[in-house]
Amino acid sequence: MLVTWRYRIRKSIIQWFDPRAWLIFYACFLACTLLFWDVRYLAVFAFIALVILIGSGIRVSEMRRPLMFIAVFGIFYSALTFLTGRGGMEVYESEHLITRLQANFTIFGWQPAINVTLEKAFYSLGIFLRVSSLASMTILIPYSLNPAQYGIIFRGLGMSDKIAYAMDLTMRFIPTFGRDFMMTMDAQRARGYELENLRGGLIAQVRKMAPLIVPVTIHAIIGSEDIIDAMDLRAFGVGPRVWLEQLHYKKRDYVLIALGILLFFTCGGLSMFGFGKFWVPI
Amino acid sequence: MAQSSAISIENVSFRYRDRQELAIRDISFQMMPGELLLLAGASGCGKTTLIRCINGLIPRSYKGEITGRILLHDQETTDFSLARISQIVGTVLQDPERQILGTRVMNEVAFGLENLALSRPEIIKRIDSSLEYLGILQLRNRETFNLSGGEKQKVALAGVLAMRPSILLLDEPLASLDPASAQETLRLVRQLTDQGMTVLMVEHRVEDVFNIHPDRVIFMEEGEIRYLGALDGLSKAVNYHEIKLPAPLIVERAAADPPPHPVQFQPADGKPQPLVQFEDVSFGYETHTTVLKGISLSINRGDVIAVLGANGAGKTTMVKHAIGLLKPKSGRVLVEGKDTRHISVAQVAKTLGYVFQSPSHMLFAPTVYEELAFGPTNLRHDPEEIRKEVQEAIDIVHLTGREKDPPLALSFGQQKRVSIAAILAMRSRILVMDEPTAGQDYRNYMEFMDAILQLPNFEAILFITHDIDLAVIYANRVLLVDNGQVVADGKPEEVLSNFDLLSATRLVPTSLLKLNLQRVEATGHFQRAEALAHI
């Protein structure tokens, strides 16, 4: 099946807390990570993320793919930054050369070479730490938060009934959408369509995806009429609704929220006073 | 004092905002509390529009011009809110998959009650009593997506019943169910009406509904009521080609008409060796589950195979192996002697063409011509050859002149024909269909199947179905699939005479099957009811 929920009840740091408290902490963590470029600060955040990852109770075999993706994406992005030096010029002005690597071949007379500088190396390291801590904190959410509670979680975070229920509905219909997609994929493959053989530029490739995109979209539109009818017929949106499931904050949840907010203001203050800017050991 | 009616419809007509013609015209009838009324008619005759008028979606969600009066328990509903109507009228839509909104059963049943802002203890009380009433309390904490079709239907019904309506509208509730699940649903409906619920049931499977003895029947045609009365009168008032009546009634009526033209499958020329062979095939989607267990069979030239079995028995998984979409975990599938593990799905498509249940899962092109050219182009046929193949396919399915029409703008029946033509254009040798009659009314699907059997290009036909009568009328071989195994493979006269086996595979003998079995010694093989009338 294309879509299966990763959520299970586990012995997990995250599931020990109320999901709303966790999301507030997560948002604070995200904001704080984005405030700094200093690898020493970022290393602290990466360490916290690593501890939470290990404490999430998710087996490596369950999340092998996303972990691989994070690793490959993080390394690729950092390597690209390192090789091109792009982006870093916004946070540093001068560079300290460590060594110059020069290829022993030429391409049409051009000899590839890169200047390995302290700034480039630390900037890439900073990127890697940021990407990996943000990604690993984010990837834990679908494994740890019950999809059946998304509506009540967002309602509890202050969103309206309609928006909160839209979250619930999204979670409900993602597997249906996935199944429709697989069915269309099978139907077109049975007509000799091979997704692997898509060639041409981006626009040409998107055009060649039409046999998948059009039926799936049409099906979703047709289906949505039934969904709207089903909601109308059971009095959705006529007034404030009661949510059957209730979430209750415990002491530890208040502590976590306070910790998140404290972290946010501390980091914000540090950042305002110039701490945590780009740093190299000179 | 006379008892007041539950539903009273007085001269109701309705036209959708973007349409010229009326969808329903001058409809009048009454239903008394505790009455079960069957509403039958061809696709597009206005049944769903009538349902929407009663449950308030018209004119609140579907805008248009409505005239006449609708009364529920003697109160006119014009000024009622949907919330108020929803506590009087409960509606179960055709596709429970789209009606179920909650991720878990409990949340789904609670949905309407939460919207009515009832107290939590009251909601829980009603959830439990609805689930218990329908005998599905054990599903309370299950995820809705993983339920079977029959379970989904019951959960959708529980969600509606929890709102304590006194009137229930059921829009083709049997459409996606296997025969045994359909019978269970019908028994429930009978039980509800016996306890005082007023039920209006739209259904194509008229014969099945007859078994629970509806009090009256409405037959609609082109937006109008053509018959309203007792069951006995229906077969006389309505053409027996239009709705599926019990076989003895058809035989009675058809005796006066000329015998039907025999429909016989004439396979295209081909080699005598098997087209497809399954050799001890086993498969599971995950390592610890087994969906297919040791299947061995072959598909030969001239076969018209009906694959029967309950939902989840493994029918579709088996067929997906034949077309190479799935590869066996053990054993092998040979298509024209080649192992499907070593050839692509595109290569298999030259032998087997697969028509999916819903045409909207495959139609995408801006014109019928391009839609039909898609397959042969993928198979790298020569452009001149493709032009010929497409034109021939269009002619065979009687869509000549519609080449430039967008397939998605055609009627459902025409879309279905486009999906068959798409396979014809690929020159596949075996036609494989999943629930070929789904979504079509009786007349349309019988004409459709007659036309398919007479197509000149195929060497064999295989279809998956829940409808035993399709196997009785059209198949010359039946595969009964149960729990991942082929439990019977043979002529329909042999396989379908074993009622114990049918019951074990959640199939229910129909009146046509029973009548054929009574007469098989004289006829030699199964026939449609119209033909039996002349023997």
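Author: Two strands pair if DSSP finds at least two bridges between them. Strands here are DSSP runs of E with at least two residues, and helices are runs of H or I with at least four, numbered from the N terminus. This is a predicted model: local features need pLDDT of at least 70, side-chain atom pairs count only at pLDDT 80 or more, and totals for chains, interfaces and linings use all residues. Residues are numbered from 1 along each chain, chains are lettered from A, and side-chain values use heavy atoms without hydrogens or water.

Reader: How do you know that strand E9 of chain B pairs with E10(B)?

Author: Five bridges join E9(B) (residues 216–221) to E10(B), and the two run antiparallel. The definition asks for at least two bridges, so they pair. Within this pair, Phe219(B) stands opposite Tyr227(B) of E10(B).

Reader: And what makes E10 of chain B an edge strand?

Author: In the open sheet of six strands, the order is E6-E7-E8-E3-E9-E10 (chain B), with mixed pairing. Both E6 (89–92) and E10 (224–229) of chain B pair on one side only.

Reader: Over in chain A, why is Phe73(A) called partly exposed?

Author: Buried means under 20% relative accessible area and exposed over 50%, with partly exposed in between (1.4 Å probe, protein chains only). Phe73(A) has 39%, so it counts as partly exposed. This residue is found in helix H4 (64–84) of chain A.
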